[in-house]
Amino acid sequence: MRCSHPPVTRPPASRARASGRLCAVALAVLLILGTSAAASADGAIVAVKSKPANAKVFVNGYFKGRTPVRVTVSSARAESAQYRFTLVLPGYEKWDMHVSLAAGDNKSIDAYLERLPSLLAGRIICIDPGHPSETSPGCTGPTGVTENHINWVIALKLKDVLLAQGADVVLAKNAENEKVTNRRRATIANEANAAVMIRLHCDAASRSGFSLYYPDRQGTKYGHTGPSGEVQAASRIAANALHKGMKSVLAGILPSRGVHGDSATYVGSRQGALTGSIFSQVPVVTIEMCVLTVASDERFISSAGGQQTMVKALVAALETYFRQR
Ligand SMILES: [Zn+2]
């Protein structure tokens, strides 16, 4: 942990007690600005800002609001005392500092929060935008939105976010209408030695929601039997972690239809597992992002806001997965 003693603008001599020991556990910028004589006799006021904003502010462990916020420390008395200010924002290092406060003080804190290294940095992630393949061009929503288009658009948006976080992204096809067999898609993930392959699809069913599928037993296709028990176990762990991450973002927006084995799918029930799973040598999860044949799901996934939410859910899913590894 680094500790910094940033510049302090000292208040007038009569209020010199206002400045105390300043120590940031995280690298931070702090400005204690001049105090105002107009503050009330009891308590102190501290205006807390942070970059980025929306960090939770705690004073001696008590939640006081989110930045930017004016915090009233009503317990401050004539004799100055130390108060611990803590700022918490997911994805950023915890910011911590002791501030000396006395009744009547009026200070401001401006904290710079340092980003934590991304859980996704350096990970090899294979995104497989489902369809068109040897089996199907994909489904279509009530107003004509095609699954193939949605899978492709979400894959590209997800790829951009993952690349920005330092991940190594491999796409299982190069153009929206490129036809790639499911066997070839698995081979692309295998050759990349992907930490996980996520196969993006939209379902055709009657009930709204997202669902995930992983190989729960071996299947046989083109004379090949797979995947291995190791890949099945790793895929099950991945599916559950991805589901947990997606739920954290989609709760109240899109219902979960659960995590299932490939054997619960039409193709999986006949050949043991989905073809893309049978040939996979890496953890593989098929994500049905929504049910495109349900009007509300089609509206959601074809809107810019819905797509942004879905990408956020998929990023949270991958973060949850890599946090567990
Ligand atoms: Zn599909």
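Helix 7 covers residues 304-324, and at 1.5 Å a residue its 21 residues should span 30 Å. The end C-alpha atoms of helix 7 lie 31 Å apart, which agrees. The model described here is predicted.

**Helix 7**
- The buried residues of helix 7 are Gly306, Met310, Val311, Ala313, Leu314, Val315, Ala317, Leu318, Glu319, Thr320, Tyr321 and Phe322.
- Three strands are among the elements these buried residues pack against: strand 8 (124-129), strand 10 (196-203) and strand 15 (284-291).
- They also pack against helix 1 (147-164), helix 3 (229-250) and helix 6 (295-302).

**Helix 2**
- In helix 2 (residues 182-192), the buried residues are Asn182, Arg185, Ala186 and Ala189.
- Viewed down the axis of helix 2, these residues fall within an arc of 95°, so they line one face of the helix.
- An α-helix has 3.6 residues a turn, so residues three or four places apart point the same way.
- The cover over the buried residues of helix 2 includes strand 8, strand 10 and helix 5 (275-278).

- Three strands form an open sheet in the order 4-1-7, and their pairing is mixed.
- Strand 4 (69-73) and strand 7 (106-112) are the edge strands, each pairing on one side only.
- On average, neighbouring strands of this sheet are turned by 25° against each other, direction ignored.
- Strand 1 (residues 44-51) pairs with strand 4 in the antiparallel sense over five bridges.
- Ala47 stands opposite Arg70, which is in strand 4.

Note on methods:
Residues are numbered from 1 along each chain as its sequence is written. This is a predicted model: local features need pLDDT of at least 70, side-chain atom pairs count only at pLDDT 80 or more; totals for chains, interfaces and linings use all residues. Helices (H or I, at least four residues) and strands (E, at least two) are DSSP runs, numbered from the N terminus. The expected span of a helix is 1.5 Å times one less than its number of residues. A residue is buried if 20 or more other C-beta atoms lie within 10 Å of its own, exposed if 12 or fewer, and partly exposed in between; C-beta atoms are placed from the backbone. Two residues are in contact if their C-beta atoms, placed from the backbone, lie within 7 Å. The arc is that of the directions from the helix axis to the C-beta atoms. Two strands pair if DSSP finds at least two bridges between them. Axes are lines fitted to C-alpha atoms, for helices over the stretch in contact, and angles run from 0 to 180 degrees between N-to-C directions.
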